[in-house]
Amino acid sequence: MRTWSPAGAGRVNASRRACLIARFGSIYAQERLHAETLLRTFICDIETVQRIIYIAAVESFHAAKKAFWKLRRSVKETLALDHMGPEPLEVAALEYIARHKDLYDVCQSVQEVICSMTMNPKIPCPLEVDFCLIRTLIRELCCLAFSMQTLIPPLDIALGVDGELFNRTMYYRSCDSDFTASFVAYHVWPALMENGAVIVKGEVVTKK
């Protein structure tokens, strides 16, 4: 006989949440900078490099969430055939996916991200640049984004728009920003959100 308690599930969720938030910061500090170094071999303009990495982050979360939604639907349909509780079906599906991360075809998501970036008209870069260069960053972001969907509530990134008003509660200014400017020129890294609240600030460049 299995027993399930909301308090126990909450502690597991909180522990997993803390690990995933820490990993988000680690990717920013390590894989992101490594990707910058790789791209700078082919692209001299740091703004273009940072725009590419930001778009890679946004596309990675998009691809991972799409894959998660498809898998969750499939898992719920399978579990519903003989689900007897004690936890709700939705919670059981999330726990199952969290325990069986190998069900996620991350390679497919990585390929989707690279294809999407290749066709993105907002990325002005030389034809010889292959986004497979930053495959490691994309893979890590996809895995992270996928795991974040198993949380209750899930974590997600804020989608920034060039020219938006700078929000100090959501972003840090990059060191090469104009600190008197009120508007975002471009985004360097997305903010991490939970139910509309900022959990980890992103980074932007502000210019007049």
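User: What makes the meeting of the side chains of Glu 47 and Lys 207 a salt bridge?

Analyst: In this predicted model, the N to O distance between the two side chains is 3.7 Å. The cut-off for a Lys or Arg nitrogen and an Asp or Glu carboxyl oxygen is 4 Å, so the pair of Glu 47 and Lys 207 qualifies. The count between domain 1 and domain 2 is three salt bridges, and six residue pairs are in polar contact between these domains.

User: Thanks! Which elements give two or more residues to the side of domain 1 that touches domain 2?

Analyst: They are α1 (6–29), α3 (46–79) and α6 (135–148). With seven residues, α3 gives the most to that side. By class, the side of domain 1 that touches domain 2 has twelve nonpolar, one polar and four charged residues.

User: How do you know where domain 1 and domain 2 lie?

Analyst: The bounds come from the domain assignment of the protein, which gives 8–154 for domain 1 and 158–207 for domain 2. Taken over C-alpha atoms, their centres are 21 Å apart.

User: And what makes you say that domain 1 and domain 2 are in contact?

Analyst: Contact requires heavy atoms within 4.5 Å, and 17 residues of domain 1 are in contact with 19 residues of domain 2. The area buried between the two domains is about 1,700 Å², with 63% of it from carbon and sulfur atoms. Phe 24, Gln 50 and Tyr 54 supply 37% of the area that domain 1 buries against domain 2, more than any other three residues.

User: Why are β4 and β5 called paired strands?

Analyst: Pairing takes at least two bridges, and three bridges join β4 (residues 192–194) to β5 (residues 197–200), so the two strands pair. They run antiparallel, and Leu 192 stands opposite Val 200 in β5.

User: Last one: which peptide bond is cis, and what is its omega?

Analyst: That is the bond from Ile 152 to Pro 153, with omega near -5°. Most peptide bonds are trans. Pro 153 is found in the loop between α6 and β1 (156–157).

Terms used. Residues numbered from 1 in each chain as written. Predicted model: local features only at pLDDT ≥ 70, side-chain atom pairs only at ≥ 80, totals over all residues. Heavy atoms only, no water. Domains from an automatic or database assignment. Buried area = accessible area lost by both parts, 1.4 Å probe. Polar contact = N/O pair within 3.5 Å; in protein donor to acceptor, adjacent residues only side chain to side chain. Helix = DSSP H or I, 4+ residues; strand = E, 2+ residues; numbered from the N terminus. Nonpolar A, V, L, I, M, F, W, Y, C, P; charged D, E, K, R; others polar.
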